[in-house]
Amino acid sequence: MEISSLSRGGKYNAVKTPGARTRRRVLYIFCSPEDAKQLQLEREVMAIKEAGLIYSEDDLLLNSDWEALKWKLCQTRYDIVHFGGHARRDGMALKDPQTGKRQVIAPEHMAALLSNFKSIKAVVLNAC
């Protein structure tokens, strides 16, 4: 198994766990809606790619919306879902497809969606 961690220098480090048999498939979701402080998504994506943590370009959703996320989860079997972006107490911010602005997804809606996929063993929420 590979575990990634973000070092103080802003680089992702892949750590191999002894006895690991298969690589885990991770869906990376990075979102920075237009009406929120802009994040350095390109830097995040580059760091993950350089660390060799992306299985396929299809495992990356940038500035995506709720419907695209649901569709992606139905298309591919993921072991881990990693979200990076903005959040508030009332939920995570995805991007509204018509306006480009915040589309807040309530925690209970995200939990209900992810619980439908038994292959998902871990969820990483990296938001402020």
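Residues are numbered from 1 along each chain as its sequence is written. In this predicted model, local features need pLDDT of at least 70, side-chain atom pairs count only at pLDDT 80 or more, totals for chains, interfaces and linings use all residues, and side-chain values use heavy atoms, with hydrogens and water left out.

**Exercise 1. Give the strand order of the four-stranded open sheet and identify its edges.**

Step 1. Helices (H or I, at least four residues) and strands (E, at least two) are DSSP runs, numbered from the N terminus. Two strands pair if DSSP finds at least two bridges between them.

Step 2. Read the order. The sheet runs β4-β3-β5-β9, and its pairing is parallel.

Step 3. Find the edges. β4 (60-62) and β9 (122-127) each have a single partner strand, so one side of each lacks a neighbour in the sheet.

Step 4. From one strand to the next, it averages 10°. Axes are lines fitted to C-alpha atoms, for helices over the stretch in contact, and angles run from 0 to 180 degrees between N-to-C directions.

Step 5. Place the helix. Helix α1 (residues 41-50) packs on this sheet and touches β3 (26-31) and β4. Contact here means heavy atoms within 4.5 Å. The direction of α1 makes about 160° with that of β3.

**Exercise 2. Trace the pairing of β5 and decide whether its faces are covered or open.**

Step 1. Take the β9 side. Strand β5 (residues 80-85) pairs with β9 in the parallel sense over six bridges. Ile80 stands opposite Ala122 in β9.

Step 2. Take the β3 side. β3 and β5 also pair in the parallel sense, over six bridges.

Step 3. Follow His82 across the sheet. Tyr28 stands opposite His82. In β9, the bridge partner of His82 is Val124.

Step 4. Check burial. Buried means under 20% relative accessible area, exposed over 50%, partly exposed in between (1.4 Å probe, protein chains only). Six of the six residues of β5 are buried.

**Exercise 3. Describe the three-stranded open sheet.**

Step 1. Its order is β6-β7-β8, with antiparallel pairing.

Step 2. β6 (87-88) and β8 (102-105) are the edge strands, each pairing on one side only.

Step 3. Strand β7 (residues 91-95) and β8 pair over four bridges in the antiparallel sense. Ala93 has Val104 in β8 as its bridge partner.

**Exercise 4. Characterise the surroundings of Ser119.**

Step 1. Locate the residue. Ser119 sits in the loop between α3 (107-115) and β9.

Step 2. Classify it. Ser119 counts as buried because its relative accessibility is 12%.

Step 3. List its contacts. Leaving aside neighbours within four places in sequence, Ser119 is in contact with Arg77, Tyr78 and Asp79.

Step 4. Look at the polar atoms. A polar atom of the Ser119 side chain lies 2.7 Å from the backbone oxygen of Tyr78.

**Exercise 5. State how many salt bridges the whole structure holds, and work through examples.**

Step 1. Apply the criterion: a side-chain nitrogen of Lys or Arg within 4 Å of a carboxyl oxygen of Asp or Glu. The search finds five.

Step 2. Start with Lys49. Its salt bridge is with Glu57, and the closest N and O atoms are 3.0 Å apart. Lys49 is partly exposed, at 38% relative accessibility.

Step 3. Move to Lys70. Here the partner is Glu67, with the closest N and O atoms 3.1 Å apart. Both lie in helix α2 (residues 66-75), three residues apart, about one turn of the helix. Lys70 is partly exposed at 25%.

Step 4. Finish with Arg88. A salt bridge joins Arg88 to Asp90, the closest N and O atoms being 3.0 Å apart. Arg88 is partly exposed at 43%. Asp90 is also partly exposed, at 40%.

**Exercise 6. Count the disulfides, then classify Cys31 and Cys74.**

Step 1. A disulfide is a pair of cysteine sulfur atoms within 2.5 Å. The structure holds zero.

Step 2. Cys31 is buried, at 0% relative accessibility. Cys74 is exposed, with a relative accessible area of 56%.

Notes: A polar contact is a pair of N or O atoms within 3.5 Å; within protein, one must be able to donate a hydrogen and the other to accept it, and residues adjacent in sequence count only if both atoms are side-chain atoms.
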